[in-house]
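Dear colleague,

Please find below the structure that I am handing over to you, together with its sequence. My findings follow directly after it.

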Amino acid sequence: MRPFSFRQRLKSFSHAVRGAATLVSTQHNAWIHIVATAVVLVTSVIARVSGIDWALLIVAIALVWIAESLNTAIEFLGDEITEERRDRIGKAKDVAAFAVLISAIASVVIGTIVFLPYIKRLI
């Protein structure tokens with residue numbers, strides 16, 4: 001095992017950046033997540049949401065991005081194992097896709113709970 005190196009740790013971030021680029025360049029749903037993330041962030045700034053509301057929104061955004069990233073990783077691994085249809089690989093992909101769906105629904109609910117009081121103030 002090599003000794004700890006801050007330079008190597010910083011260099012390892014390039015793998016994460018490459019992963020983000022792969023996610024965005026290969027997954028159409030990631031484009032939707034980018035737009036939704038931007039809308040939420042801009043709306044949050046305009047509405048001047050509280051610190052706790054910021055925290056909730058950031059957790060919701062992260063939840064969706066984490067689920068989408070893991071779903072994509074599972075899809076890539078399944079496709080690497082075989083391109084033929086395999087029942088268990090298909091089930092794994094379906095379950096991972098469900099995780100994205102649940103995270104997206106939860107994020108919409110969180111966003112609604114957070115933004116509703118701000119919207120009511122405007123009306």
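N71 is buried, because its relative accessible area is 5%, and a residue counts as buried under 20%. Please keep in mind that this is a predicted model. N71 is found in helix α3. If neighbours within four places in sequence are left aside, N71 is in contact with K93, A96, A97 and V100. The C-alpha atoms of N71 and A55 are separated by 24 Å, and these two residues are 16 residues apart along the chain.

How many salt bridges does the structure contain? The count comes to two.

In one of them, the side chains of K93 and D79 meet, at 2.5 Å from N to O. K93 lies in helix α4 and D79 in helix α3, which comprises residues 51-81, so the pair ties together parts that are 14 residues apart in sequence. K93 counts as partly exposed because its relative accessibility is 22%. D79 is partly exposed as well, with a relative accessible area of 39%.

The side chains of D87 and K91 also meet in a salt bridge, at 3.3 Å from N to O. These residues are four residues apart in helix α4, so about one helical turn separates them. D87 is exposed, with a relative accessible area of 52%, whereas K91 is partly exposed at 49%. The limit explains these two labels, because exposed means over 50%.

Which residues make up the largest nonpolar core? There are five in all, namely V49, L57, V114, F115 and Y118. Helix α4 gives the most to this core, with three residues.

Y118, itself a core member, touches A47, R48, V49, S50 and D53, not counting residues up to four places away in sequence. S44 lies in helix α2, which comprises residues 28-47. With the residues up to four places away in sequence again not counted, S44 touches V49, W54, L57 and F115. Is S44 buried or exposed? S44 counts as buried, because its relative accessibility is 0%.

R48, which is among the contacts of Y118, deserves a separate remark. R48 lies in the loop between α2 and α3. R48 is not a glycine, yet it has a positive phi of about 50°. Most residues other than glycine have a negative phi. R48 counts as exposed because its relative accessibility is 73%.

Which residues make the nonpolar surface patch of about 570 Å²? They are F98, L101, I102, I105, V109 and I113. I105 lies in helix α4, which comprises residues 87-122, and counts as partly exposed because its relative accessibility is 45%. V109 also has its place in helix α4 and counts as partly exposed, at 43% relative accessibility. V109 and L70 are 39 residues apart in sequence, and their C-alpha atoms are 22 Å apart in space.

S107 has its place in helix α4, but it counts as buried because its relative accessibility is 14%. Leaving aside its neighbours within four places in sequence, S107 is in contact with A60, I61 and V64.

Finally, I looked at the aromatic rings. A search of the whole structure finds one aromatic pair. F4 and F6 form this pair, which is edge-to-face, with 5.0 Å from centre to centre and 85° between the planes. Why does this pair count as edge-to-face? The reason is the angle, because planes over 60 degrees apart count as edge-to-face. Both F4 and F6 are exposed.

Yours sincerely

Conventions
Residues are numbered from 1 along each chain as its sequence is written. This is a predicted model: local features need pLDDT of at least 70, side-chain atom pairs count only at pLDDT 80 or more; totals for chains, interfaces and linings use all residues. Side-chain values use heavy atoms; hydrogens and water are left out. Patches are made of residues with over 30% relative accessible area and no salt bridge: like charges are joined within 9 Å, nonpolar side chains (Val, Leu, Ile, Met, Phe, Trp, Tyr) within 5 Å. Accessible areas come from the Shrake-Rupley method with a 1.4 Å probe; for residues, only the protein chains shown count as cover. A salt bridge is a side-chain nitrogen of Lys or Arg within 4 Å of a carboxyl oxygen of Asp or Glu. Helices (H or I, at least four residues) and strands (E, at least two) are DSSP runs, numbered from the N terminus. Buried means under 20% relative accessible area, exposed over 50%, partly exposed in between (1.4 Å probe, protein chains only). Rings of Phe, Tyr and Trp (its six-membered ring) pair if their centres lie within 6.5 Å; planes under 30 degrees apart count as stacked, over 60 as edge-to-face and the rest as tilted. A nonpolar core is a set of buried Ala, Val, Leu, Ile, Met, Phe, Trp, Tyr and Cys residues joined through side-chain atoms within 4.5 Å. Contact means heavy atoms within 4.5 Å.
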